[in-house]
Amino acid sequence: ESYTVLLPAAGSGNRMGAGFNKLFLELDEKPILIHTLNVFEKDSACDGMILSVKEEERPIIERMLEQYSITKVKALVEGGAERQQSVAACIRAHQTDGIVLVHDAARPFIRQEVIVSLVDTASKYGAAIAGVLVKDTIKVALDGIVKETVDRSKLWTIQTPQAFRYGILKEASDKAEAEGFLGTDESMIVERIGVDVRMVESTYDNVKMTTKEDLLFGEVLLKHRRQ
Ligand code: C5P
C-alpha cells in the first residue's frame with residue numbers, strides 16, 4: 001500500500017548548539033534533511049511528502065530540494081512553536097484518505113523494512129509506531145531516592161515513523177488541539193481517542209540527530225552503510 005509522509009522540519013535544534021536549524025548540518029557533505037528526504041524519494045511506495053518549515057527558512061529549503069533533485073514534496077507548510085503544531089499543520093494540508101507516516105526530519109537512518117512493516121500494520125489496524133526495547137535498567141527516583149525498578153521487558157523507546165490511517169490521525173489532532181493537549185508524539189494523541197496503537201520493532205540505529213554526539217554516530221553509520 002502507498003503512503004504520504006509528513007515531516008516536521010521546523011525545529012530550532014537548541015540542543016545541537018549549532019546556532020541554526022540542525023537539519024542543515026551536513027553528514028558526508030549532504031544536509032541531514034536531504035538524507036532523510038532521500039529515503040522517501042527512493043521508496044516507490046511513497047506518494048508524496050509534506051514538510052513543515054519555518055517561514056524564514058522556506059527559501060533555503062526550496063533551493064535544497066532543487067539542488068538535490070527531491071521531487072516528491074507536495075507542500076511546504078508553516079510550522080509552529082511546538083513539534084505537535086508543526087505536525088498539525090501538515091495534517092491540515094493533507095486532507096486525503098489513506099496511510100500517513102509522521103517522521104522526524106532529524107532521523108535520517110530509518111530502514112526500509114521498518115517503513116514497510118509500519119505501513120502494513122497501519123493499513124490493517126489503523127495505527128502503528130516504531131520503537132525498540134530499552135537496553136538499560138530503568139528506575140523511578142524521587143528526590144534522589146530510588147523508589148522502584150521497572151520491568152524493562154515491556155518498556156519501549158519510541159521513535160518515528162508513526163503510521164496512521166489519515167482519518168484517525170486527523171480526529172486525534174483536532175481533539176488535541178481543541179482541548180489544548182500537548183503530547184510528545186502522535187501516538188499519545190491517538191491513544192487519547194481510544195484507538196489501539198501497535199508496536200513495530202525498529203532498529204537501534206534509527207537515532208534522532210539531537211546533540212553533537214549524534215552527529216559523530218551518524219558519520220560512522222553512513223560509512224558503515226556505504227561498505
Ligand atoms: O527537537 P527535536 O529533534 O525533538 O524535533 C524533532 C523533529 O521535529 C525535527 O525534525 C524538528 O525539525 C521538528 N520540529 C518542528 N517544529 C518544532 C519543533 C521540532 O517541526 N516546533
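# Questions and answers on a predicted chain

User: How far apart do the centres of the positive and negative side chains lie?

Analyst: Lys and Arg count as positive and Asp and Glu as negative, while His and the chain ends are not counted. Each charge is placed at NZ of Lys, CZ of Arg, CG of Asp or CD of Glu. The chain has 29 positive and 35 negative side chains. The centres of these two sets are separated by 3 Å.

User: What kind of model is this?

Analyst: Residues are numbered from 1 along each chain as its sequence is written, and side-chain values use heavy atoms, with hydrogens and water left out. Local features need pLDDT of at least 70, side-chain atom pairs count only at pLDDT 80 or more, and totals for chains, interfaces and linings use all residues; this is a predicted model.

User: How many helices and strands are there in the chain?

Analyst: Helices (H or I, at least four residues) and strands (E, at least two) are DSSP runs, numbered from the N terminus. By that rule the chain contains seven helices and eleven strands.

User: What is the radius of gyration of the chain, and why does it agree with a compact globule?

Analyst: Along its principal axes, the C-alpha trace spans about 55 × 40 × 35 Å. The radius of gyration is taken over C-alpha atoms, and the globule rule is 2.2 Å times the number of residues to the power 0.38. For 227 residues, a compact globule would have a radius near 17 Å, so the chain agrees with it at 18 Å.

User: What percentage of the residues of the chain count as buried?

Analyst: A residue is buried under 20% relative accessible area, exposed over 50% and partly exposed in between (1.4 Å probe, protein chains only). Of the 227 residues of the chain, the buried share is 48%.

User: Among contacts between residues at least 6 apart in sequence, what percentage join residues at least 24 apart?

Analyst: A contact means heavy atoms within 4.5 Å. Among the contacts between residues at least 6 apart in sequence, the share joining residues at least 24 apart is 73%.

User: Which two residues form the aromatic pair, and why is it edge-to-face?

Analyst: Rings of Phe, Tyr and Trp (its six-membered ring) pair if their centres lie within 6.5 Å; planes under 30 degrees apart count as stacked, over 60 as edge-to-face and the rest as tilted. By this rule there is one aromatic pair. The ring centres lie 6.3 Å apart and the planes meet at 80 degrees, so the pair is edge-to-face, and its members are Tyr3 and Phe40.

User: Which elements does this pair link?

Analyst: Tyr3 and Phe40 are both buried. They are 37 residues apart and belong to distant parts of the chain, namely strand E1 (residues 3-8) and helix H1 (residues 32-42).

User: How many of the residues of H1 are buried?

Analyst: The buried residues of H1 include Ile32, Leu33, His35 and Phe40. This helix is mostly covered, and the buried count out of eleven is ten.

User: Which residues does Leu51 touch, leaving aside those up to four places away in sequence?

Analyst: Leu51 belongs to strand E4 (residues 46-53). Its relative accessibility is 0%, so it counts as buried. With residues up to four places away in sequence left aside, it touches Leu7, Leu33, Leu37, Ile61, Val73, Ala75, Leu76, Val77 and Cys90.

User: Is Lys74 buried or exposed?

Analyst: Lys74 is part of strand E5 (residues 73-78). Beyond residues up to four places away in sequence, Lys74 touches Asp47, Gly48 and Met49. Its relative accessibility is 59%, so Lys74 counts as exposed.

User: What is the relative accessible area of Leu169?

Analyst: Leu169 lies in helix H5 (residues 166-179). Apart from residues up to four places away in sequence, it touches Leu6, Ile91, Val100, Val102, Phe164, Glu186 and Val190. Leu169 is buried, with a relative accessible area of 0%.

User: Which two residues does a cis peptide bond join?

Analyst: Most residues other than glycine have a negative phi, and most peptide bonds are trans. Strand E10 (residues 156-165) holds Pro161. With omega at about 10 degrees, the cis bond joins Thr160 and Pro161.

User: What is the value of phi at Asp143?

Analyst: Asp143 sits in the loop between strand E8 (138-142) and strand E9 (145-150). It is exposed, with a relative accessible area of 81%. Its phi is positive in a residue other than glycine, near 50 degrees.
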